[in-house]
Each structure stands twice: as C-alpha cells, then as structure tokens.
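Hi,

Here is the structure I promised to pass on.

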Amino acid sequence: MCFLTTFTDDESFFMEYKPKFKVFHELMAVRMSNVLLVSSVYDSFMLEEDGRLSDQIYEEFHNLNLRTLPRITRVSSAKEALTLLHESNFDLVITMRRLGDMDVFSFGKSVKEIRDIPVILLLNSVVEIKYIPEISKREGIDRTFVWNGDSKIFVAIIKHLEDKINAEYDTNAGQVKVFIFVEDSIRFYSLLLPEMYGEIMRQTHRLITEGTNDFQDLLKMRIRPKILLAETYEEALMLYKKYKRSVLGIVCDVEFPRNDILDKQAGFLFARKVKEDYPNMPMILQSSKEKYREKAHKKGISFLYKRSHSMLLDLRKWLLDRVGFGDFVFRDADGKEIGRSSDIINFYKEIERVPFESLAYHGQSDYFSNWLSARGEFEIAEKLRPRKVSEFVGEELRDFLLSTIKDVVVEKTRGIVNDFSRENYHSEILFLRLRPGSLGGKGRGLAFLMFLINSLLFQKEFKNISIEIPQTIVIGTDEYDRFMEDNNLFTFALSGVSDQQIKEKFVKSKLSKSIKSDLKFLLKDIDGPIAVRSSSLLEDSAYQPFAGIFNTYMIPNNSSSENEKLNQLCTAIKLVYASQFLSLAMSYAETINQTIEESKMAVVIQQVVGKEHNNRLYPDFSGTASSYNYYPFGEYMKPEDRIAHVALGLGKTIVEGESALRFCPKYPKMNFYSTPEILLKQSQRHYYAVDLTRDDFDILDDDPYLVKLNLSDAIEDGTLPRIADTYNFNSETLNSGFFGEGSPVITFNNQLKFETFPLAKLITRLLSVGEKAFGSSIEIEYACNFGEQKGDVDTFHILQIRPFLHQELISKEDFESVDLKQVLAYSTQVSGNLIMKDVKDIIYVKPEMFDKTATLDIVEEIDKLNAQMLKEKRPYLLMGFGRWGTADRFLGIPAKWNNISGAKTIIEATTDDFSVDFSQGSHFFHNIITANIGYFHIKHNSEQHKIDWDWLANQKSINNLTYVRHVRTRKPLTIAIDAQRGEGMIIKPHKQK
C-alpha cells in the first residue's frame with residue numbers, strides 16, 4: 001500500500017502501517033513444502049501398499065483443515081538422494097533406517113554438508129528402536145520417529161519441525177501460544193505427538209466456526225498453538241525459560257535424562273520450576289509406572305498412565321477439561337455442573353447469571369484465563385491472570401469479568417468486517433456483513449472509515465467528542481443476485497418500462513426467506529429510524545461515482561408490530577435494488593459510458609443519526625466536506641484549504657443543493673457573506689427530519705417518511721440556541737446567540753468562531769488523514785448530536801467517505817490571445833479541464849423569462865429538449881440561473897440527471913435580483929466533477945465574469961419555448977476550461993452568419 005511521502009501528525013501510522021493480513025502472512029513463514037523421502041524399495045512398497053501413504057497424507061491434511069499440503073519426492077537409495085539434493089531444493093529429508101549403500105547416520109551427515117535442513121529418521125517398527133544408538137550418538141539425525149502404519153506421523157513430523165523453526169517469531173509477533181512436550185521415548189512421543197496435533201487442529205476448527213469473517217478464520221489457523229518437543233531436562237528448561245509467557249500447557253514424562261543421566265525425578269523437578277512461576281499452569285505428568293500417580297495428584301498435577309488402554313482418551317480429556325479445549329463447565333464448590341459455555345458470547349452470558357461462589361471457585365484456579373487462552377482470547381486472559389479473587393469484594397469480581405470480556409470482545413469487532421452468524425452475534429458489533437459478496441462502494445468506504453477511526457485513535461486528540469461511524473449492516477451483493485434471479489427481474493427492468501412500473505414490480509417480488517428471517521432477528525436490537533442506503537459497485541468510486549444517483553430510504557422503524565417493521569425494511573431494500581434501473585441511474589450511466597447491468601447492488605442499513613423532537617428525528621447538525629475547493633475566493637484561500645458545508649437537520653439539505661452554511665476549515669472565522677442582510681437572505685430556512693407519525697410506505701415517493709420543516713419548528717424543538725444567532729431588524733445587525741425570540745439566523749458561530757465544538761479542526765484532521773489514506777482528494781458526509789447535559793460528550797458520526805478525482809490537465813489554451821468580442825462566456829469559477837470543439841447546440845433559459853417560481857416548468861421544457869438531443873446524439877451547452885440540481889426550486893432549477901444528461905458543459909448564472917451560491921457540496925456537483933463535464937459559475941455584473949446574452953438572442957432558434965430557447969450555430973463553439981488556473985471560456989464560432 002502506497003501513501004504520500006510527506007506526513008505530519010500521522011507519519012508514524014502511515015509509515016509503520018502493517019495491516020493484519022501482512023502479520024497473518026508473516027506467521028508460519030517457514031514451511032516444509034518439499035520433502036525428500038529416502039527408503040529402500042521394500043520399505044517404499046510397504047509404505048505405499050500397506051498404508052496408502054499418498055492418499056492418507058492428503059486425507060489427513062484435509063481432515064485437519066490444513067491448507068499447505070507438502071510435496072513428497074521419493075528415492076530408493078542414499079546415492080540417489082544426495083544427487084537430487086545437489087540439483088533441487090528440499091526443506092526436509094525423512095529417511096528409513098535401511099538404505100543399503102550407506103548407514104543412516106553417515107547419510108544424515110552427508111545431507112547436512114550439502115544443505116542445512118532437518119533430517120528425520122523414521123523407523124519401521126518399535127522393534128528397530130533397540131538397534132539405534134543413544135541420543136548423543138545420533139549424529140546427522142535431528143529426531144527419530146517410529147512408523148506404526150498411521151499417516152498421522154507424517155503430519156506430526158512436518159508440523160513439529162515447522163513449529164520449532166517458527167516459534168520464536170510467531171510468539172512475539174502473533175501472540176501464538178505453545179505446548180512444551182517433554183518425552184525421551186521414541187515410541188511414546190511418536191504415539192502422543194500426532195494425537196496432540198489432531199486435537200489442536202480440531203480445537204482450531206471449532207474456533208473457526210466462531211470467527212468474525214473469513215480472514216479471521218485464516219488467522220486462527222495460523223495462530224494455533226505450537227508443540228515444542230524436548231527429550232532432556234536441559235532442553236525442556238531452555239524451552240520453558242524462552243517461552244514461559246507463551247506456554248499454554250505442559251505434557252511431561254517423569255523419568256528422562258538430566259545431566260546426561262536418567263533422572264527418575266526429572267519430571268517432578270521440572271514441574272516444581274514451572275509451578276514456582278505459574279501455580280495454576282495446566283500440566284500433566286506421564287509415566288509407565290503407576291506409583292507416580294499419587295505423588296502427582298498431591299502436587300496438584302494431572303497424571304497419565306502410559307500402559308493404560310485409555311491413554312490417548314485420557315490425554316484428550318485433559319486437553320478438553322484442564323487446558324480449555326472443550327466447553328467451559330461452570331461448577332459449584334462441590335464440583336456440580338451449573339452451567340456450560342461453548343464460545344465467548346455464551347461464556348459472557350453465563351458469567352452474568354451463575355452464582356458468585358462459582359466465579360470465585362474458578363477464579364482461584366485460573367480456569368478463566370486458561371480457557372480463554374486456549375480459545376485465542378489472549379488479551380482477555382492476560383488481563384485476568386494477574387488478578388486474585390481476594391482483591392474483589394462481593395459482586396466486584398463479576399463486574400470485573402464482564403467489563404473486561406465486553407471491552408475486548410467489542411474492541412475486536414471494531415476495525416473489521418464481521419460476518420453474521422446468530423451464534424456469535426452480539427448487539428454491539430459495529431460493522432456486520434449479512435450475506436457474502438461485495439460490500440459495494442458505500443459499504444467499502446464505511447469499512448475503511450471504521451478501520452481509520454479504530455487505528456488512529458482520534459479520541460485522544462478530541463477528548464470531549466466521540467468520533468464514530470453508525471452501527472452498520474451491509475447485505476452483500478450475492479443477495480442482490482439471488483433476488484434478481486429468483487424473481488426473473490433483469491429482462492423486465494431493462495425492457496424500457498416506466499419508473500413506476502419498475503418500483504411496483506420490485507416491491508411485489510419476494511426476498512429470500514433466509515434474509516427476511518435474519519433481518520427480523522437483527523431488528524430486535526435496532527431502536528428508532530433506519531437508513532437503507534444503496535451501495536452499488538459503481539457508487540462512490542473515483543472514476544464512476546454515481547453519488548446520489550441511487551436511492552436511500554429512511555424509515556421510522558417504530559411500529560408496535562414486528563412484522564410491520566420488517567415489511568418496511570424489506571420494501572426499502574427492494575426499492576434500493578430497483579433504483580439501479582430507474583431513468584435517473586440509466587441516463588447517468590450512459591453519460592459516463594457505463595452499463596448498469598455491469599454493476600451489482602449491496603445495501604447498507606444504519607440507524608439514522610439524530611434525536612427525537614415532537615415525533616420527528618434529526619441530528620443537531622450535518623454536513624459535507626471536501627479536501628479540495630474548486631472555488632476559493634479572497635486573497636488567501638487556496639483550493640487545498642478545503643471547503644465544508646453544515647446545516648441543521650438531515651444532510652438532504654446540503655446534498656440536494658439547498659441553502660446551508662459554507663465555510664473554509666482553514667479559515668473558519670472568514671465571513672462568506674458581505675453583510676448581515678445577505679447572510680439573512682441566503683441562510684438556511686428549512687431543514688429535514690424523519691417523520692415518526694407516518695405509517696404508509698408510498699413507494700412512488702423517494703422520501704416517503706421525510707418531512708421538510710421551518711425554523712419555527714426548530715424553535716419549538718429547542719434545537720437552535722447552540723447554532724444560531726439573532727437578526728435585529730431595527731438595527732439591521734446580527735446579535736450573538738439565539739434565545740427563543742427574534743429572527744434566528746443559522747450561523748454556527750459557536751462552533752466556527754468560538755470553537756465550543758472544534759468543527760473546523762476536526763474536519764481538517766479527518767480530511768487530512770483521509771486524503772493521505774486514499775492518495776487523492778476526498779469528500780466526507782457527517783452528522784452530529786450534542787451531549788444532552790453539561791459534561792456529556794458530543795457524538796460526531798462520519799456517514800460516508802469517497803474519493804474525489806481531480807480532472808487531469810488535458811490541454812492548455814492561451815486565453816489572453818482571444819479577442820474578447822469572440823467570447824460568449826467567461827468565468828474564473830470553473831470546474832473541468834477540457835478543450836471541446838464539437839458543440840454546436842445551446843439550450844438556455846431566457847433571462848427575460850426566468851421566474852424562480854416557475855422552475856418546475858423550466859425543467860419540463862429542458863427535459864423535452866434533452867430527449868431530442870439524445871435521440872439525435874448531439875452534445876449541447878446548457879445555460880440557466882441559480883443552482884442546477886437543487887431540491888429547493890426557489891434556489892435554482894431542480895433538474896435530475898436524466899433531465900440534462902446530454903449536456904457536455906453547464907453554466908450556472910445569476911441575475912441582478914437572483915444571486916445564489918454555486919452548487920459545490922451537492923451530489924449533483926460531485927457527479928459533474930467526476931464525469932468531467934464542464935462547469936461555469938458566472939456572476940452578474942462581475943468584471944471577471946461574462947455572458948454575451950445579446951449574441952445569443954440574435955441566433956436562429958431551433959426551438960423557442962416559453963422559458964427555454966434552443967439555438968444551433970453553423971460551426972462549433974470552442975469550450976476551454978483550465979480549473980487548475982481557475983479560468984474558463986466559451987468562444988463563438990468564427991465568421992458566424
């Protein structure tokens with residue numbers, strides 16, 4: 001991953017950033033991938049025919065969920081093996097004792113002269129053990145095992161060597177745990193080691209079923225406990241000292257060499273060393289002498305009798321019960337079972353309900369930390385292990401256990417995408433994927449936001465603000481595919497039917513029973529309104545943005561009927577799916593040369609950010625911010641100084657191009673409005689909220705549950721005092737603060753000038769980090785709730801993040817050499833970098849006929865002409881007044897993309913009595929920028945801006961409607977825009993007649 005090379009506050013994060021998948025790849029770095037097996041023809045025949053070696057090894061690796069199957073090459077003589085070792089790379093040599101042309105120990109030394117790799121001696125039966133020398137004289141051989149006809153021994157040999165080599169790094173980098181296995185008997189470690197590996201792999205497989213996602217499953221395979229084998233007291237002590245903080249359990253013989261002499265008490269001596277450090281370390285002593293059982297039990301150590309017919313079962317029982325590989329069984333002081341947990345979520349629930357005496361009983365013996373360590377919950381185990389039951393009074397122990405587990409479990413789910421399963425679900429999971437497939441553009445952005453917030457710890461910098469993303473559920477694109485195929489919708493949706501027909505057909509179609517069941521399960525933990533958002537593969541990317549093209553539905557989710565709430569949610573999901581095929585989306589896709597059927601649709605489900613006031617819900621403020629300002633003004637402001645918009649209520653006010661406050665995060669105190677009167681005229685007068693009283697879902701309404709409110713409603717709700725000032729009509733001045741009387745003006749001065757909430761600093765920080773992480777300019781959408789009472793933290797939710805592509809410079813035009821008489825339009829506030837010489841058609845709103853109360857009629861006329869232009873495949877220049885694409889028809893022309901989809905350059909102009917801020921910050925504007933459609937903002941009577949209306953009036957009409965006129969030139973216009981220089985012009989055709 002590549003980031004910018006100059007960093008400030010986050011330099012250490014970006015330079016040292018190591019994603020978890022990289023740590024995952026670095027664990028188990030050394031593998032025994034290529035194995036050379038050396039055996040006589042007879043031994044080879046016996047291995048293959050008696051044991052079906054190849055099939056059994058493959059089957060064993062498959063059964064144990066091992067993903068790296070080694071390649072085994074066989075040769076039948078030492079000479080052939082040594083020749084092959086010169087020619088090829090091998091990681092391991094396994095040799096039988098009978099080689100014919102060389103004794104096995106000389107062969108081992110010869111191998112190591114060629115390559116420094118492990119050499120394992122594999123005996124054909126236990127009888128052969130007596131024919132090999134003692135361990136100190138087995139030069140050239142790293143370890144000796146005995147084959148008993150079971151291919152598990154090959155798995156044990158390979159995994160044992162991989163563990164030995166990788167243990168040091170993996171325990172440090174990945175918190176991997178280890179078992180120390182002390183045994184000098186070739187027969188018994190050849191028997192027990194495969195069983196231990198088998199149980200470890202089964203335990204790992206059990207944990208995988210509890211994983212949060214596929215990546216976490218793979219990670220758990222890599223962090224399975226390792227087994228380190230020792231044959232002497234010195235070797236065992238060395239391993240213990242080196243890995244003592246990582247030891248999960250110890251299996252130890254009683255009699256084995258110490259100081260090169262068989263010591264009949266070596267196991268007890270080693271146990272005493274361990275118990276001095278960790279009195280409750282899971283440990284089992286094993287011996288073929290029953291007499292040691294009583295001594296072991298007196299010291300609180302489990303015992304395994306080697307001659308027992310149930311030896312392997314007894315070992316497995318110890319691993320399950322004492323080490324923690326099985327269920328956690330809650331018992332009372334008498335040992336009676338009173339509860340059982342198979343996973344961490346059930347474990348948490350049982351701790352809530354079992355008697356205190358049971359908690360104290362298990363806590364005294366470190367059973368909690370041991371069980372948690374065995375399940376890979378190392379962080380919780382490390383927090384619990386040092387604490388003593390005696391430190392707590394009464395229910396303090398239960399509270400400590402619950403808070404510790406909850407903090408870690410919840411934290412583990414943050415920063416990652418959690419795959420849904422009912423067994424492992426808990427209500428505080430931040431990001432949940434419901435169904436496989438892509439998260440879509442919006443879903444990916446939210447997942448990345450979650451990762452950034454979790455990784456960079458903004459909380460330390462903004463201590464009185466909780467910076468979050470809303471809890472999020474994403475239905476992956478696989479469910480979209482299933483819905484479309486099960487209901488046979490593709491052919492219908494692409495057949496040219498109307499938007500109304502598409503919506504009705506999709507709503508009548510059925511979602512799968514399984515997704516409805518899971519949604520009903522999840523709804524029980526979602527209180528209040530829900531936003532159901534589109535997340536197409538084409539959405540919110542740098543090159544195919546589709547911002548605001550697909551639908552979002554906000555539903556109240558407050559019915560007393562669970563089925564009604566589910567039906568509302570399912571209807572919204574189906575309408576989001578349908579929005580991909582509506583005329584707005586289809587026309588925009590054509591504009592950017594994309595096909596809708598190439599995309600797939602995920603769905604994002606989030607709780608709406610806000611508070612309830614008088615049966616309506618909305619946030620204290622919401623907004624957008626961009627790291628690049630296409631229209632800086634004043635002496636100091638630069639494009640890199642960023643731009644932001646903020647408004648009372650839901651963000652629809654801003655993204656639909658209605659009146660909101662604009663500010664520069666670098667200069668938040670700069671006044672964008674020259675006089676209080678202008679501020680009053682252009683300030684926000686309306687806002688949006690979720691209406692909690694509506695029941696019916698009108699599928700033909702894009703916002704069936706939203707209500708547009710006036711500031712009088714905000715006065716009633718009491719939501720203005722922190723964000724508004726008061727305009728005094730008598731003195732024509734703006735007075736600081738709003739206290740319920742007078743005319744409110746939403747200024748956000750408390751946040752921007754007095755920094756009661758550090759809005760500008762927070763946005764600057766977020767944009768800076770996001771820009772570095774994306775490697776491009778970005779936009780964010782946000783919403784904030786103030787704390788209810790003094791001392792409460794404010795909650796700032798980041799709702800969305802998307803890259804914002806700069807148009808790369810295509811060409812430069814010498815603007816100064818152009819005769820001003822030839823200029824049709826000129827502006828220093830432009831977007832785009834292009835030279836266009838194929839436009840002959842101009843569709844414009846006639847200045848003398850423009851009426852801001854007639855903008856809906858103007859849209860109808862433009863739509864009619866746009867359809868004709870598309871049919872004739874003629875690009876055109878579009879000119880009008882106020883904001884294009886605004887939802888407020890009194891601020892400009894409320895066109896949708898499909899109404900103007902043939903336009904290649906757009907002009908927003910003002911008049912002497914109609915001056916409105918440009919469209920920057922809206923979804924409409926974002927799509928214009930990314931599609932590289934030319935854009936001009938031209939101010940009336942500005943020395944830097946110009947439109948030659950007289951020249952236009954003298955051109956011959958093709959269509960002359962009530963408000964809109966269409967003219968065509970004989971030769972094409974020249975449209976030249978250089979947004980980096982901040983200059984654009986449209987040049988009339990030469991020698992026009």
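**What I found**

Helix α23 (residues 513-523) has Ile515, Asp518, Leu519, Phe521, Leu522 and Leu523 buried. Buried here is under 20% relative accessible area with a 1.4 Å probe, protein chains only; helices are DSSP runs of H or I with at least four residues, strands are runs of E with at least two, and both are numbered from the N terminus. Those buried residues pack against β16 (431-434), β18 (472-475), α20 (477-486), β19 (530-536), α24 (562-579) and β21 (601-607).

Before you go further: this is a predicted model, where local features need pLDDT of at least 70 and side-chain atom pairs count only at pLDDT 80 or more, while totals for chains, interfaces and linings use all residues. Residues are numbered from 1 along each chain as its sequence is written, and side-chain values use heavy atoms, with hydrogens and water left out.

Next, a helix pair. The axes (lines fitted to C-alpha atoms over the stretch in contact, with angles from 0 to 180 degrees between N-to-C directions) of α10 (residues 233-243) and α11 (residues 266-277) come within 11 Å and cross at roughly 15°. So α10 is roughly parallel to α11, a label for angles under 35 degrees. Tyr233, Ala236, Leu237 and Tyr240 of α10 meet Ala266, Leu269, Phe270, Lys273, Val274 and Asp277 of α11, contact being heavy atoms within 4.5 Å.

As for the whole protein, it has 33 helices and 45 strands, and 58% of its 993 residues count as buried.

Cheers

Terms used:
Parallel < 35°, antiparallel > 145°, perpendicular 65-115°, else oblique. Buried < 20%, exposed > 50% of the residue type's maximum accessible area, 1.4 Å probe, protein only.
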